[in-house]
Amino acid sequence: MNSWGNNFKISIFGESHGEALGVVVDGVRPGLPLDAEQMLPDLTRRRAGGQGTTARREPDTPQIVSGLFRGRTTGAPLAVMFRNVDAQASDYERFIDTPRPSHVDFVASRKYHGYNDFRGGGHLSGRLTLPLVAAGVVAKLHIAPVVVRARLLSVGGSPNVEQQVAQAQAQSDSVGGLVECEATGLPVGVGEPLFGSVESAIAALAFAIPGVRGVEFGAGFAAAAMRGSQHNDPIVSPDGRTSSNHAGGVVGGITNGNALIFRVAVKPTASIGGEQRTLNMMTGQLEPLQIGGRHDACIALRVPVVLEAVAAIALADLMLAHRMHNV
Ligand SMILES: Cc1cc2nc3c(=O)[nH]c(=O)nc-3n(C[C@H](O)[C@H](O)[C@H](O)COP(=O)(O)O)c2cc1C
């Protein structure tokens, strides 16, 4: 299934090298001013182009084909579509028999009995984060004045991003990274106990970003090595402000009036230039694999705006539920 959400629901369609890809957003508030141009800043932040990103050049031009009339959202499902123009399907034929290690070639062909569009990972490609970012723009309108901002903290364990990326590329390799996201202006009370917790919603969507391997809130995994006396966040004002924020703005799955802070670990790109070994599915023999084609050396470079989008979508869904509870 490729739909998520109860009150702000997204459905993603398309493939990396197919005709088009896009998103349908249901639950959009009517009357919001919107046009395709408004999506360009975020879409541009996700686009490839800089050092360490793929040589594939896509215009990523959004076409809003439903749910918009006279510059305002109508309340009907909002559909945004992007046409693929720079596909090179021939790069991927050989991965049917010799799947790339740590990529989707093997699992997708087994799960879909070989009927999957294997080109560039098909529907499981990182390109599917393009419609996610478009939905994020719509979600950001719903959560205002809450502001979501993400940034790349480190690559290869170092804040020297350029150096790490250049070194990996020079060695025909790839490198992972750490991305942090912060949402400010949240009221106390967003999120539900148990399954509808803020962490559950955000983690579900963050793990939809291909390449994300871990999510932590506030002090996160470091909390396991702390004492309660260090980790506890003293409340210092009636609106719930705390003097530290080890909780990352969420307690009991519910926002506590402080900044919501979470980080994701992004793995190094699976498609690397250096020689690897893989199973030839036809011969049953292990053999060397050299991957050509166009790939991101560091996926994390392109993740911040995608992380903002998923945070905004999760919060939009939960905030709409929160409003329903208000009497
Ligand atoms: C923006 C973006 C771009 C990506 N580009 C590539 C790429 O060029 N080559 C590659 O092997 N993986 C790339 N990925 C990651 C793969 O799509 C992902 O590793 C793969 O689908 C397997 O999923 P998993 O890593 O979540 O298990 C990209 C991911 C994102 C978010």
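I took helices (H or I, at least four residues) and strands (E, at least two) as DSSP runs, numbered from the N terminus. Axes are lines fitted to C-alpha atoms, for helices over the stretch in contact, with angles from 0 to 180 degrees between N-to-C directions. Contact requires C-beta atoms, placed from the backbone, within 7 Å.

I noted the basis of the entries: this is a predicted model, in which local features need pLDDT of at least 70, side-chain atom pairs count only at pLDDT 80 or more, and totals for chains, interfaces and linings use all residues. Residues are numbered from 1 along each chain as its sequence is written.

**Sheet with β10**

I traced 4 strands in an open sheet, ordered β8-β9-β13-β10, with antiparallel pairing; two strands pair if DSSP finds at least two bridges between them. At the edges I found β8 (147-155) and β10 (212-217), each pairing on one side only. Neighbouring strands of this sheet are turned by 20 degrees against each other on average, direction ignored. I then checked β10 against β13 (residues 260-266): 5 bridges join these antiparallel strands. F217 stands opposite F262 in β13.

**Sheet with β1**

I traced another open sheet, of 5 strands in the order β1-β2-β3-β7-β4, with antiparallel pairing. Because β1 (3-4) and β4 (63-66) stand at the edges with a single partner strand each, one side of each has no neighbour in the sheet. Helix α3 (residues 129-143) packs on this sheet and touches β2, β3 (20-26) and β7 (78-83), its direction making about 30 degrees with that of β3. Between β1 and β2 (residues 9-14), which run antiparallel, I found 2 bridges; S3 has S11 in β2 as its bridge partner.

**Whole protein**

I noted 7 helices and 15 strands in the protein. Its C-alpha trace spans about 65 × 55 × 35 Å along the principal axes. Of the 327 residues, 43% count as buried (20 or more other C-beta atoms within 10 Å of the residue's own, placed from the backbone). Among contacts between residues at least 6 apart in sequence, 72% join residues at least 24 apart.

Terms used: Two residues are in contact if their C-beta atoms, placed from the backbone, lie within 7 Å. A residue is buried if 20 or more other C-beta atoms lie within 10 Å of its own, exposed if 12 or fewer, and partly exposed in between; C-beta atoms are placed from the backbone.
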